[in-house]
Amino acid sequence: MLRSLNGIAAIYKPKGFGSRFLIDKLKFGLTKELNQQFIDSEPNVDVSTVIGSPTEACLPDSVSNRHRTLILGPKYKQSKMFIRFMKHLDAASSGVVVIGINAARSQIRLLEGSYMENVYVVRGRLGVATNDHTDEGKVLEKSTYGHITADLLERMFSRLEGQHRNVLVKSSASGLATDSQEMYERAAAGMLRPVLSRQQGEPVQSLILRIKLNDFKPPDFEIEVKITNESQYFLRDMIHNVGLSLRSHAVCTQVRRLRCGPLAVKDALPYTQWSVAAIADNISHCKPILDNYVVDIVKGVEFELSLADRFTEYETSGPNYADLQTRENDE
């Protein structure tokens, strides 16, 4: 069964612990189940024939797996199982977590470098400010919110989305003018992807791709956010800043990840199904979804390369190219 635990799976993390503690829980639960399956795979046999030091070589074939485990220790150890998660979820958040088990850890690194688009449902509450921007933090200030309407919230989120979209266009332009035909073709094909990098120690920027107001029942509201390269603190800080922009205050009451890249809640295993067989089946379920996602990424790269080739060809074959080259050489 251990060989079947080699791939990428999606699980649903409940609120109460972070992604790193989640990995420890998975390792403990999976190794415990594997060892129990190993013990139950053979009937008990008398261990009285064991002679010498407890090593694998001294054990006769008649020793059962149960006694073999008692003598040598568990066959499957947590230190030999490797799990890597993608896009951390803190203890105050819940939602989809994508994990790579054993050899699939390298695939997780590749997916992280593609700046996947993730979807969150974020709930906020107006009129309160706390020290950590959550409803469980220490209350610092209270304010009125009667002047805030759903239309005002939608306009605020639309403005915020427009600011981030401008950053997205500039970061994915690769030297193309924002009003050029090449940029229009890229945007029309849905191939706008951020090209983000760390420069001079600065953190990579989070980019909001879409914000939608789902519900507004003062003082509570709910939004759906499509974002890339995010953190849960960024989302809570965004709610806080929205409250200040509306001349009030706001705290975040819930952060729930609905989608991590191509994998959604419907593809993720709930807490009650974190077993060896269920995770092995989930790996098989997620594989075609991830394969299609990788194909889409490759198409996007090929599309960008074709645009770059066309752009370079136009520059080098234009009517003024030879004159410009002569001027540069003269200078």
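# Close-up views of a predicted model

R247 lies in the loop that runs between α6 (232-245) and β9 (250-260). The structure is a predicted model.

**View A. The backbone at R247 has a positive phi.** The phi angle of R247 is near 60°, a positive value in a residue that is not glycine. R247 counts as exposed because its relative accessible area is 76%, and the cut-off for exposed is over 50%.

**View B. H133 is another non-glycine residue with a positive phi.** For H133, phi is near 65°. H133 belongs to the loop between β5 (128-130) and β6 (139-142). With a relative accessible area of 10%, H133 is buried, since that term applies to values under 20%.

**View C. F157 and F221 form a tilted aromatic pair.** A search of the whole structure gives 3 aromatic pairs, and one of them joins F157 and F221. The ring centres of F157 and F221 are 6.4 Å apart, with 45° between the planes. The pair is called tilted because an angle under 30 degrees would count as stacked and one over 60 as edge-to-face. F157 is part of helix α4 (residues 150-171) and F221 is part of strand β8 (residues 220-228), so the pair ties together parts that are 64 residues apart in sequence. F157 and F221 are both buried.

**View D. Two lysines, K13 and K25, are placed over the ring of F17.** K13 lies over the face of F17, 5.5 Å from the ring centre. K25 has its charged end over the ring of F17, at 5.5 Å from the centre.

**View E. The peptide bond between P218 and P219 is cis.** The omega angle of the bond from P218 to P219 is near 5°. P219 is located in the loop between β7 and β8.

**View F. K217 is an exposed residue of strand β7.** Strand β7 covers residues 207-217, and K217 is found in it. The relative accessibility of K217 is 58%, so K217 counts as exposed. K217 and A150 are 67 residues apart in sequence, while their C-alpha atoms are 8.8 Å apart in space.

Notes
Residues are numbered from 1 along each chain as its sequence is written. This is a predicted model: local features need pLDDT of at least 70, side-chain atom pairs count only at pLDDT 80 or more; totals for chains, interfaces and linings use all residues. Side-chain values use heavy atoms; hydrogens and water are left out. Rings of Phe, Tyr and Trp (its six-membered ring) pair if their centres lie within 6.5 Å; planes under 30 degrees apart count as stacked, over 60 as edge-to-face and the rest as tilted. Helices (H or I, at least four residues) and strands (E, at least two) are DSSP runs, numbered from the N terminus. Buried means under 20% relative accessible area, exposed over 50%, partly exposed in between (1.4 Å probe, protein chains only). A charge sits over a ring if NZ of Lys or CZ of Arg is within 6 Å of the ring centre and within 35 degrees of the ring normal.
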